[in-house]
Amino acid sequence: MTVVAVIGAQWGDESKGKIVDGLADRADLVVRFQGGSNAGHTVVNERGKFALHLLPVGVLDPRITSVIANGVVVDPEVVIEEIDELERRGIPVTNLKISDRAHVVLPYHKIQDQLQEQSRGEWKLGTTLRGIGPAYADKASRDGLRMCDIIDPENLHDRLSYVVGEKNRLFSSVYGAAPISFAQVLERTAVYARRLKPFVCDTVELLQDAVAAGKNVILEGAQATLLDIEFGTYPTVTSSAPSVGSACIGTGLPPKAIDRVVGVFKAYYSRVGNGPFPTELDNALGETIRKRGNEYGTTTGRPRRVGWFDAVLGRYAARLNGFDHFVINALDVLDEFETIRICVGYEHDTGRLDRLPADTNVLARCRPIYEDLPGWRRPTTAARRWEDLPREAQHYVDRIGQLIGCPPAIVTVGLHRKCTIVRTPLL
Ligand code: GDP
Ligand code: IMO
Ligand code: MG
């Protein structure tokens with residue numbers, strides 16, 4: 001009888017997928033509420049290793065109802081690919097629901113993403129090129145197509161013919177790019193829509209009914225607080241709001257339906273794509289973290305930038321989302337370090353800063369002020385209870401808790417689901 005929101009606290013790839021998978025045994029529903037196929041959630045459990053982009057992690061257990069709610073932008077091609085891949089691996093996807101209100105990512109969104117990135121030059125964001133920005137932009141400018149539009153052939157034809165006309169004018173006159181074929185997009189989309197139609201329903205009502213019936217629900221965040229279009233390091237952010245407010249907007253659940261908000265961190269920070277990163281380790285130490293954490297993008301394969309834990313940004317995320325608890329993933333990645341650093345403030349030309357400035361040019365000039373903690377210099381991957389962790393590792397996690405202002409609930413020491421230490425059960 002609990003609704004728990006699992007929220008990314010950093011710049012994404014905190015291993016939210018692993019945490020949702022760990023909680024899923026006790027869940028009735030798992031719900032994606034924002035973002036799209038820009039997400040890449042790695043799960044390693046008894047069934048194998050999976051990288052999910054659009055399907056909620058709940059699909060790995062057919063008992064669970066998995067919901068792609070209204071706030072998600074759905075690329076039908078990716079959903080179908082993921083369903084087919086899981087079915088090839090012996091996991092039938094029967095219990096999936098897709099919101100009739102969810103906006104659809106269409107081929108022209110991906111072309112537009114690419115054209116805009118090329119055109120930005122030095123302002124390039126380093127997007128995943130999955131069409132996310134253009135799809136949310138069309139949603140805001142009321143030129144989007146929703147699932148309910150594409151499953152109705154007449155509606156699809158009429159709306160699409162208008163939008164493709166607009167896109168072709170944009171592509172040719174602004175970018176000098178080739179036009180796309182309306183007939184081809186229509187045909188492809190109609191085929192995808194027929195395939196997905198059985199999954200499409202009113203998920204707002206479904207979720208409200210589930211909560212009223214006392215089901216256990218996991219709201220699976222994608223991306224993360226620092227990539228939030230409102231509160232992140234704008235403009236190098238994504239086009240949705242991954243912080244907890246979206247768990248209501250993106251599902252139709254009222255704020256009071258959410259019982260618990262859990263912030264997911266890694267023991268260090270990582271970032272893929274452009275933008276300031278005060279604690280970045282662009283050196284051999286960073287390379288060690290990247291190798292030990294296998295920090296290469298799940299969606300694009302790009303090497304991720306890595307750096308020390310930044311408690312200024314951690315506290316910002318904890319307050320913004322009202323984290324009841326936090327999770328520290330990949331603690332084992334720091335096993336071999338003699339000294340482990342936590343950023344506790346910034347030094348800037350204008351003086352000391354203890355919060356995230358709105359202007360990313362200011363953030364880019366911030367120099368971290370570090371607190372040094374002793375490392376534990378022994379393997380932790382076999383630890384399964386808090387007591388099994390070296391004293392220095394316990395101290396590191398507790399110190400993060402003091403600095404960000406909430407208690408730790410889970411620590412993980414390996415990518416496999418079993419490498420989990422639970423201090424406070426979350427579901
Ligand atoms: P998500 O998008 O938040 O679900 O996270 P991803 O799956 O994209 O990325 C998580 C990254 O952290 C991957 O590169 C994993 O290899 C790494 N990772 C997560 N948990 C652990 C852990 O406990 N130990 C180690 N060594 N690596 C981990
Ligand atoms: P998960 O759910 C990490 C980043 C991109 C880029 C910026 C904008 O796996 O944590 P977009 O394609 O969204 O317009 O790109 O956001 N980004 C992510 N980085 N993890 C993600 O998702 C991300 N989704 C988008 O790299 O910097
Ligand atoms: Mg990821």
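I began with ligand 1, and in this predicted model I found that ligand 1 sits in the second largest pocket. When I looked up the shell around ligand 1, helix 1 and strand 3 were the elements that give two or more residues to it, and the largest share, 3 residues, comes from helix 1.

I then listed the shell by residue, and of the 23 residues around ligand 1, Lys16, Gly40, Thr42, Asp332 and Gly414 come nearest. By class, I noted 4 nonpolar, 10 polar and 9 charged residues in the shell around ligand 1.

Next I looked up polar contacts of ligand 1, and the entries I kept are these: a polar backbone atom of serine 15 is 2.8 Å from an oxygen atom of ligand 1, an N or O atom in the side chain of arginine 304 is 3.0 Å from an oxygen atom of ligand 1, and an N or O atom in the side chain of aspartate 332 is 2.8 Å from a nitrogen atom of ligand 1. On its own ligand 1 has 580 Å² of accessible area, and I noted that the protein covers 95% of that.

For the pocket itself, I recorded about 450 Å³ of space in the second largest pocket. It is lined by 28 residues, and the closest to its centre are Thr42, Gly293, Asn294, Arg304 and Leu415. Helix 1 (16-23), strand 3 (41-45) and strand 4 (48-52) are the elements that give two or more residues to this lining.

I turned to ligand 2, and the space taken by ligand 2 is the largest pocket, for which I noted a volume of about 690 Å³. The lining of the largest pocket has 38 residues, with Asn38, Thr127, Thr128, Val237 and Thr238 nearest its centre, and the elements that give two or more residues to that lining are helix 3 (107-120) and helix 4 (132-140).

Around ligand 2 I found 20 residues, of which Asp13, Lys16, Thr128, Gln223 and Thr238 come nearest. Taken alone, ligand 2 exposes 540 Å², of which the protein buries 98%.

Conventions: Residues numbered from 1 in each chain as written. Chains lettered and ligands numbered in written order. Predicted model: local features only at pLDDT ≥ 70, side-chain atom pairs only at ≥ 80, totals over all residues. Heavy atoms only, no water. Near = heavy atom within 4 Å. Areas by Shrake-Rupley, 256 points an atom, 1.4 Å probe, with all protein chains shown as cover. 1 Å grid on protein atoms, 1.4 Å probe; cavity = no way out; pocket = protein on both sides within 12 Å on 5 of 7 lines; lining within 4 Å. Sits in = over half its atoms within 2 Å of the grid points. Points joined across faces, edges and corners; volume = space filled by probe spheres on them. Helix = DSSP H or I, 4+ residues; strand = E, 2+ residues; numbered from the N terminus. Polar contact = N/O pair within 3.5 Å; in protein donor to acceptor, adjacent residues only side chain to side chain. Nonpolar A, V, L, I, M, F, W, Y, C, P; charged D, E, K, R; others polar.
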